[in-house]
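Please look over the structure shown here, and then read the short briefing that follows, which is grouped by topic.

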2 protein chains.
Amino acid sequence: MEKKYILILKGTILFTPTAGKFEIHPDSYLIAQGGLICGIYKDLPEKYKDLTIEDYGNSLIIPGFVDLHTHAPQFNQIGLGLDYKLLDWLNHYTFQEENKFRQIEYAQKVYEKFADTLVSSGTTRSAIFATIHPKSCQILFEILKKKGLGAYLGKVNMDTKCPDFIKENTQQSLANTEELILAWSDSELVKPIITPRFAPTSTRKLLEGLGKLALKYNLPVQSHLAENPGEIEWVQALFPEHDAYYKVYDHYNLFGQTPTLMAHCIHLTDDEIDILATKKVVPVHCPDSNLNLTSGIMPTRKMLKAGVNIGLGSDIGAGHSLFMPQIIVRAIQLSKIYSLQHEEDAPLTLPEAFYMATKGGGSFFGKVGSFEPGYAADAIVIKNENLPSELSPLEEIQRFIYTGSAQNIAARYTAGKKL
Amino acid sequence: MEKKYILILKGTILFTPTAGKFEIHPDSYLIAQGGLICGIYKDLPEKYKDLTIEDYGNSLIIPGFVDLHTHAPQFNQIGLGLDYKLLDWLNHYTFQEENKFRQIEYAQKVYEKFADTLVSSGTTRSAIFATIHPKSCQILFEILKKKGLGAYLGKVNMDTKCPDFIKENTQQSLANTEELILAWSDSELVKPIITPRFAPTSTRKLLEGLGKLALKYNLPVQSHLAENPGEIEWVQALFPEHDAYYKVYDHYNLFGQTPTLMAHCIHLTDDEIDILATKKVVPVHCPDSNLNLTSGIMPTRKMLKAGVNIGLGSDIGAGHSLFMPQIIVRAIQLSKIYSLQHEEDAPLTLPEAFYMATKGGGSFFGKVGSFEPGYAADAIVIKNENLPSELSPLEEIQRFIYTGSAQNIAARYTAGKKL
């Protein structure tokens with residue numbers, strides 16, 4: 001991206017600088033330079049008058065979506081086997097499918113489709129699990145870069161308590177991880193993230209080594225935490241020296257020592273929720289996945305009250321769609337069900353859940369997910385053809401989030417560059 | 001439909017003659033005559049050899065979907081205002097929107113789009129609420145007939161406890177209803193159904209008159225029951241002479257005296273569930289609506305155990321999609337959440353929820369929703385392009401239900417006639 005490059009988008013600008021309310025600028029200009037937002041103007045300032053304007057009429061222009069938890073190699077199994085319980089589902093589908101990524105031709109084919117679907121869905125930033133296979137992971141790095149997407153991508157580490165065909169040798173796992181880190185640390189938009197699958201499939205030696213890599217290269221971390229009660233008991237049995245699941249990660253410098261994402265976080269005590277807030281660990285709410293695998297409901301309102309910043313994740317293939325508006329709707333729906341049994345916890349509103357899928361989750365990438373000055377110019381344009389003309393911008397965003405599809409997105413930009 | 005007309009579809013035939021299991025006939029012929037299924041054949045019988053075959057290769061052919069509860073006049077408000085609670089939502093959107101249907105030009109425009117969306121979504125049969133306006137209702141009858149859809153359509157009756165601009169005079173309401181009944185009783189695919197909005201917006205006189213019409217013309221009935229606790233208390237206050245909500249309908253011959261649909265049925269006692277079974281009243285589960293309006297979770301497994309036949313409904317505009325696969329998925333998801341707190345009630349499986357959206361709901365229309373001999377030839381064809389070739393038919397239906405859209409439907413037939 002040239003430092004001087006200026007992008008001018010015209011439309012109705014809508015975003016959530018704070019969580020509870022949409023800020024709307026009808027019929028305005030969104031201007032970015034060198035990939036960063038300069039400002040929003042009702043009238044085009046004189047100095048830009050000779051530049052090209054990408055004019056989208058009165059279409060909505062909103063921040064690109066941020067998907068903070070997804071498994072790229074599970075793209076081909078989306079929607080399959082969801083009558084199974086977690087362990088049968090893993091054994092019948094997930095582990096078999098991930099094993100195919102030892103073949104780079106297969107990885108190339110599936111990862112291309114995965115990345116194309118992210119683009120079409122308007123997801124401009126994501127935090128992605130690959131598989132244990134370094135060559136396939138390298139291919140996904142290259143594909144994401146080629147498509148112009150922003151991402152944290154992790155080679156999965158897994159050296160115990162899983163089928164032999166996808167179990168790693170600990171030293172090799174760490175060496176392969178470090179090699180990918182060195183190859184991609186200087187990359188602008190696609191960066192590495194330390195990715196132990198979760199505590200049960202990690203030896204202490206692996207966790208120790210990964211924590212050291214996170215500190216040595218100052219890299220973020222992603223994993224899973226407290227998805228279901230059986231998993232929590234398993235962790236307690238495997239790591240009896242720690243009296244809480246999160247302490248396994250924490251002990252090895254994988255819990256807030258560097259920026260950390262923890263998918264699910266459904267079954268946490270109030271004290272553990274406070275610790276998320278203190279350590280600024282970001283729990284990633286994956287509502288479709290939590291429904292499909294009968295995991296439970298994350299107490300989102302309780303977490304917000306405790307000062308936790310929540311992100312949203314598609315979590316394919318336990319979730320069944322990469323389209324973030326569907327995840328926004330499901331987060332709201334689940335919070336409504338939760339509120340029926342917890343009167344003190346009001347449901348999420350649309351602008352609150354929208355914030356999670358833009359600025360809230362985006363903060364993991366720095367200044368991402370808003371249109372305030374200095375933020376990355378990640379934007380998508382929503383077509384408003386076929387809408388009854390009397391819809392207000394607020395109603396248009398409601399209509400798009402609840403009923404839209406990738407086909408309603410007219411254009412996508414990451415860091416000022418059109419995809 | 002000519003009595004002799006023979007339809008031959010070739011593909012992979014998939015349906016649920018019983019609730020728990022898909023019956024699959026790979027690469028077979030589905031043959032119908034005069035709109036009714038004759039049989040499924042692996043090899044084409046000699047006598048049909050000279051007839052035209054609609055050959056869909058190895059695409060899935062499944063029964064058309066049955067939507068047992070939906071509000072056509074709310075089509076234009078889909079997805080709007082769902083942060084509101086029920087009463088605010090009704091006052092801000094629904095009543096305002098329904099009032100527009102006093103203009104037949106508006107009705108014509110919205111109802112055309114509604115019916116087109118039913119067709120594209122593969123919903124071949126539905127039970128529909130119109131508004132109180134007889135002329136607009138007449139237009140919807142005509143549009144549904146023109147599109148070749150099967151439907152029960154009800155002019156809504158509402159003569160108290162609602163804004164004046166959509167409140168009817170009781171006698172006029174009954175007279176208008178009878179006029180539409182007389183006009184449409186002999187229609188083949190689109191038929192009238194008695195439709196009090198719900199108990200609170202009905203005077204005793206109205207309910208009495210509607211019950212008489214149901215008996216006089218042997219017409220089915222549809223309304224709402226036990227959607228949320230506040231509504232139930234309201235009914236108790238309005239009808240203190242009855243000690244249960246359903247008894248209001250029952251007293252006036254609107255509860256099983258003729259075939260009856262009751263939307264929602266979330267907050268019922270065990271005894272009331274048994275009464276649904278005894279009276280063969282069909283509760284219509286509208287999971288997206290129940291989530292969006294924070295109504296609660298229908299105890300579907302408990303009802304199935306009690307011998308109740310459950311249908312599924314989109315319930316737009318409280319629900320936000322007419323696409324029945326989305327409703328199937330949400331019914332499964334909600335049953336999973338319910339099972340977390342009711343261990344004895346296992347979640348719905350995909351073939352169980354699929355049955356509800358085909359043969360289960362279809363039984364309200366007679367022999368509809370299955371491919372057994374004598375059933376109406378309601379069928380849709382699912383495109384399988386872009387699928388990894390190794391998917392089995394069982395995986396294909398999973399993939400379509402969880403991730404498909406109207407665009408994956410290649411063809412639709414109602415009673416043997418292509419739409």
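Which residue in E14(A) is the bridge partner of Val284(A)? The bridge partner of Val284(A) in E14(A) is Gly311(A). This is a predicted model, in which local features need pLDDT of at least 70 and side-chain atom pairs count only at pLDDT 80 or more, whereas totals for chains, interfaces and linings use all residues. Residues are numbered from 1 along each chain as its sequence is written, chains are lettered from A in the order in which they are written, and side-chain values use heavy atoms, without hydrogens and water.

**Sheet of chain A**
- Four strands (DSSP runs of E, at least two residues) form an open, parallel sheet in the order E11-E12-E13-E14, where pairing requires at least two DSSP bridges between two strands.
- Strand E11 (221-225) and strand E14 (311-312) of chain A stand at the edges with a single partner strand each, so one side of each has no neighbour in the sheet.
- Strand E13 (residues 282-285) of chain A runs parallel to E14(A), and two bridges join them.

**His133(A)**
- His133(A) lies in the loop between strand E6 (123-129) and helix H3 (134-147) of chain A, helices being DSSP runs of H or I with at least four residues.
- His133(A) is buried, with a relative accessible area of 10%, where buried means under 20% with a 1.4 Å probe and protein chains only.
- Leaving aside residues up to four places away in sequence, His133(A) touches Glu98(A), Asn99(A), Phe101(A) and Arg102(A), contact meaning heavy atoms within 4.5 Å.

Terms used: Buried means under 20% relative accessible area, exposed over 50%, partly exposed in between (1.4 Å probe, protein chains only).
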